[in-house]
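Let's take a friendly walk through a protein model together. Have the sequence and the 3D view ready, and look up each residue as we meet it.

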Amino acid sequence: MIQKQSYRKFASAIVSLLLGVFLAYGITAERTPLLYAAEQKSERIITEDEAIHFAKKWLPIPAGYTYGYGNYVEPDGEIETPYGAWYLYWSKGDQDSIIYKLHPVTGQLLRYFNQNQASATPAPVNADRQRVARERANQFLAHVIPPEERSKLTAPSESIVKSDSPETYRFVYKRIENSIPFDGNYIVISASGDGKILSFKRLWYEGELPDASRVISEAKARELLQQNTEPTLIYRDKPEYFKSDSSNEQKYMLVYEYQRKDPQLVDAITGEMVDANAEPAKPKKTINSLKAMAPAVPPNTGSGEDGVFTREQAEASALHFVQKTFSAQLENLYMLNPQPYEWSTSDLLAHRMSYEVHFGWLKNGIPVKDATFQVRVSPRKGSASFVDKEPVQPPVIVDNDSRRVDVATAKKTEQAMNPVLKLYYKQPFGFDEETGEPKPILVYSLTGDGGVVDGHTGKWISFDQMWEERTKP
């Protein structure tokens, strides 16, 4: 039985991206030339039966499994593959299951997971079994990926996944285009020591790439990065491997660290600064505590169509609710600007959802990373309430050190520890209903030692070094 998840019609850009195929079935990637025949232009989405046929060609269904259902997800319902996907489910008993994710036009295998294999009897890790797993992973790669695409992959990096499952060997093949890495594009294959494929994942942008011959010089890129990057001063929770066993230890640290929207990369063609998602960096906005804001007046009636409360009215209602609820803590609270998620009012009404307005906690006027909460506002009634049922509590931070280093000092320290200039492709994350799948850009960044700058002293805190020390045998 088919289950269809449909939010909107295909955007025209997605349709042009999905250069169609006259489908022909074949056992290996080399033997399915029509699978990749972009010149066979068609907008045709494969049927559920065709998707099942492809799934069985990529990896046979073990005996005893029963087909459950197929779920077709349209482009704007799929974040990792914004051209959509077919999901197919098989099961055996109450717990064993197999999941396939397939390209909706070509039938290409995008993901695979075998829950039964992952819960089999554990086996010891040794070099011979790792070799068997590596050979099987390489063999499977040749089975599902055509030669042209395989030629753009690095040799796999290897790791051993420790769990209660059988020993799992994980192989990551990263994408290289024009001798330039493509960040976030890769193929991952996990196999057991007896040669069973446990999981597979392919993330691969299929559109046109920017012209690498137009990049600015490395000297210019370095100059722009040194001048225009700007980390944020925040309190953040210490990584687990950074903490000691003392119950009295302070769990938060004051650091300069890049947040998602901070200017931290440079567009290698235009020279413009971009954020961590490869989107144009915007000027930072001053964070004002709720104490510095005028008391909000909650609206009594909606000013939108049919008396619906607008987003602006919802924010006023939420602000009034928080100011009233936390009247004694307003200096330690702020309202996120911009708000993380902006659903249209029509979408909220169609899905019977509420506005969500986000607030965050401050310590000494400095934001606390990930210490946020949401207030729900009804678009019909304008009433506000907390999203979470648990009482909202501020983070407990004890910091009597009045020392602060400025951003210029922090940047000097950070850049000294990250001297390596790196050029790579980066694709913005997400889906735009107007333009469809976002196009990648070429970016430069400064890399080196993973860490942050101490906000009190200006010294470098190396997370890489801490991790190595804590994980030594």
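Ser179 is exposed, with a relative accessible area of 72%; here exposed means over 50%, buried means under 20%, and partly exposed is in between, using a 1.4 Å probe and protein chains only. This is a predicted model, in which local features need pLDDT of at least 70 and side-chain atom pairs count only at pLDDT 80 or more, while totals for chains, interfaces and linings use all residues. Residues are numbered from 1 along each chain as its sequence is written, and side-chain values use heavy atoms, with hydrogens and water left out.

You can find Ser179 in the loop between β7 (168-177) and β8 (180-192). Helices (H or I, at least four residues) and strands (E, at least two) are DSSP runs, numbered from the N terminus. The phi of Ser179 is positive, near 65°, although the residue is not a glycine. Now look at Asn364, in the loop between β15 (355-363) and β16 (366-377). Asn364 has a positive phi too, near 55°, and is partly exposed, with a relative accessible area of 45%.

Pro338 sits in the loop between β14 (333-335) and α8 (345-350).

## The whole protein

How many helices and strands does the protein have? There are 10 helices and 21 strands. Of the 473 residues, 45% count as buried. Contact means heavy atoms within 4.5 Å. Among contacts with a separation of 6 or more, 61% are between residues 24 or more positions apart.

## Strands side by side

Two strands pair if DSSP finds at least two bridges between them. Strand β4 (residues 96-102) and strand β5 (residues 109-114) run antiparallel and are joined by five bridges; Lys101 has Arg111 in β5 as its bridge partner. The hairpin of β4 and β5 has six residues between the strands, and Gly107 takes a positive phi there, near 80°. β5 also pairs with strand β9 (residues 197-203), in the antiparallel sense, over three bridges.

Next, find strand β11 (residues 252-257), where five of the six residues are buried. β11 pairs with strand β10 (residues 232-237) in the antiparallel sense over six bridges, and Asp237 has Tyr252 in β11 as its bridge partner. Two bridges join β11 to strand β20 (residues 451-454), again antiparallel. There, Tyr256 is partnered by Val453 in β20.

## Around Ser445

Is Ser445 buried or exposed? Ser445 is buried, with a relative accessible area of 5%, and belongs to strand β19 (residues 441-447). Its contacts, leaving aside neighbours within four places in sequence, are Leu225, Leu265, Val420, Leu421, Lys422 and Tyr424. The side chains of Ser445 and Tyr424 make a polar contact (3.4 Å). A polar contact is a pair of N or O atoms within 3.5 Å; within protein, one must be able to donate a hydrogen and the other to accept it, and residues adjacent in sequence count only if both atoms are side-chain atoms.

β19 is also one of the elements that the buried residues of helix α9 (residues 407-417) pack against, together with α6 (218-228), β11, β20 and β21 (460-462). Those buried residues of α9 are Ala410, Lys411, Thr413, Glu414 and Gln415.

## Nonpolar cores

A nonpolar core is a set of buried Ala, Val, Leu, Ile, Met, Phe, Trp, Tyr and Cys residues joined through side-chain atoms within 4.5 Å. Which members of the largest core touch the most other members? Of its 33 residues, they are Leu88, Tyr100, Leu102, Leu109, Ile189 and Phe200. The elements that each supply at least two residues of this core include β4, β5, β7, β8 and β9. Apart from this core lies another, of 31 residues, among them Ala314, Met335, Leu348 and Val368. In soluble globular proteins, nonpolar side chains tend to be buried together.
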